[in-house]
Amino acid sequence: MKNVSLDPRFNRLDLPESSHKTELTTQDAFETYEVFHQKKSGAQHSHVGIVHAPNPELALVFAKEQFGRRGATTSLWVVRSSEIFGTLPEDSDIFDSTPEKLHREASEYKSREKIEQYTKEQAEPK
Amino acid sequence: MMTPTLALYINKIADDLFILGHRHSEWIGIGPTLEEDIAFGSLAQDKVGQSLNLYQLLNKEAGYVEPDAFVYTRTADAWRCCQFVEQTSHKDYAEALMIHFMYDHAHALRLEGLTTSSNVSLSNLAKKFKSEIKYHTFHANTWVKSLAEGSLEAKQRLQAALNGLAPYISSLFEPVEGEETLVAEGLVPYEQLVMQQWHQQVTELIQPFGLEIPTLVEIKASTEAIGGRTGQHTEHLAPMLHELTEVHRIAPNASW
């Protein structure tokens, strides 16, 4: 069956009949690249997502389109996803801490009262 | 107020940008990859945006009608774009890419010349457009390199697109009548000079991949595509204008 669209651009493409099937091969699948975005000069690059691309140069072009168009951007990095070393999902328990070692958690150090006391002392006229 | 000759020069650049911007937008939804759809969409927005700035300048300083009326009501023979930017087979991404690649290198060099224009409004706009066009040439160069270094088929399709466009290259540098007075007053760069710089730059970029463009002598000698600046266009322009003015013709006074 011939493809007919309301959009004249599709009709001009002379697409093959809809029964026509294209077999995808593994070569058709682009690699993924992790994208890192910098908001202003000197700031850390933050991970913002991924793009699919055939090479690093085009990954950078696609990253610019996807992540550099809205909001301030001074720089983008792309890194081939396969180049990233990381912990495995099943190893997420290595980050757990037992309750009796709360002294290792920064949140357990109560300094608010000391800071307030110090601020008050500094504010008082000598 | 600017002279009618300078206004015609600005009109020419604005029409090139608008027509090519619209051609870029024709790839939205049917580009080779999703990201490339987005890329051509944003290249289109930049170019149509630049043309709008120039049409506004013509409206303000040369007494032209306001931009929407100027774009939506002119018939093909009143357009001053070059025949190069009109070209399309509607289905060949290699062709769209080569038009984008060749036009944007010419546009970038022309803008470089216009940054020192003795007309302050024009030089300010040229400075503003430069950074956008730096990305346009980067985008085009990256694709040309990736495809030319890719499969043999990709390289052959690029070369075929280039060969098809070859007769139209000279029109990219078709001057407006009275160009010499504009050049003498330091208003605009000489198109022959832009063409020489362009040829050197484009040759240096594509020669390493084994792609070929006509020589400078051949380009200068080809005159069959000259005429866009005086309203002589190829069969591609009128249908495009018909399509892009469709809504305006239905509701001429609608506001958006």
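The following exercises, each with a worked solution, concern a predicted model.

**Exercise 1.** Determine how the rings of Trp27(B) and Tyr93(B) are arranged, and state which parts of the chain they link.

*Solution.* A pair of aromatic rings is described by the distance of the centres and the angle of the planes. Over all chains, the count comes to nine aromatic pairs. For Trp27(B) and Tyr93(B), the ring centres are 5.6 Å apart and the planes stand at 85 degrees, so the pair is edge-to-face. Trp27(B) belongs to the loop between α1 (4-25) and α2 (34-61) of chain B, and Tyr93(B) to helix α5 of chain B; the two are 66 residues apart, and the pair links distant parts of the chain. Both Trp27(B) and Tyr93(B) are buried.

**Exercise 2.** Classify the ring pair of Phe40(B) and Tyr93(B), and name the cluster to which these residues belong.

*Solution.* The ring centres of Phe40(B) and Tyr93(B) lie 5.8 Å apart, with planes at 65 degrees; planes over 60 degrees apart count as edge-to-face, so this pair is edge-to-face. Phe40(B) is in helix α2 and Tyr93(B) in helix α5 of chain B, 53 residues apart. Phe40(B) and Tyr93(B) are both buried. Finally, ring pairs join Phe62(A), Trp27(B), Phe40(B), Tyr93(B) and Trp143(B) into a cluster.

**Exercise 3.** Identify what the salt bridge between Arg12(A) and Glu243(B) joins.

*Solution.* The closest N and O atoms of Arg12(A) and Glu243(B) are 2.8 Å apart, and the two residues form a salt bridge. Arg12(A) is in helix α1 (residues 8-12) of chain A, while Glu243(B) is in helix α11 (residues 237-244) of chain B, so the pair joins two chains. Arg12(A) has 22% relative accessibility and counts as partly exposed; Glu243(B), at 27%, is also partly exposed.

**Exercise 4.** Locate the salt bridge of Arg157(B) and Glu153(B) within chain B.

*Solution.* The side chains of Arg157(B) and Glu153(B) meet at 3.1 Å, N to O. Both residues lie in helix α7 (residues 152-165), four residues apart, about one turn of the helix. Arg157(B) is partly exposed at 44% relative accessible area, and Glu153(B) is partly exposed at 48%.

**Exercise 5.** Decide whether Asp96(A) is buried or exposed, and describe its surroundings.

*Solution.* Asp96(A) is found in the loop between β3 (75-80) and α3 (112-123) of chain A. Exposed means over 50% relative accessible area; Asp96(A) has 61% relative accessibility and therefore counts as exposed. Together with Glu90(A), Asp91(A) and Asp93(A), Asp96(A) forms a patch of negative charge on the surface.

Key
Residues numbered from 1 in each chain as written. Chains lettered and ligands numbered in written order. Predicted model: local features only at pLDDT ≥ 70, side-chain atom pairs only at ≥ 80, totals over all residues. Heavy atoms only, no water. Patch = residues over 30% accessible without salt bridge, like charges linked within 9 Å, V, L, I, M, F, W, Y side chains within 5 Å. Areas by Shrake-Rupley, 256 points an atom, 1.4 Å probe, with all protein chains shown as cover. Salt bridge = Lys/Arg side-chain N within 4 Å of Asp/Glu carboxyl O. Lys, Arg positive; Asp, Glu negative; His and termini not counted. Charge placed at Lys NZ, Arg CZ, Asp CG, Glu CD. Buried < 20%, exposed > 50% of the residue type's maximum accessible area, 1.4 Å probe, protein only. Phe/Tyr/Trp six-rings, centres within 6.5 Å; stacked < 30°, edge-to-face > 60°.
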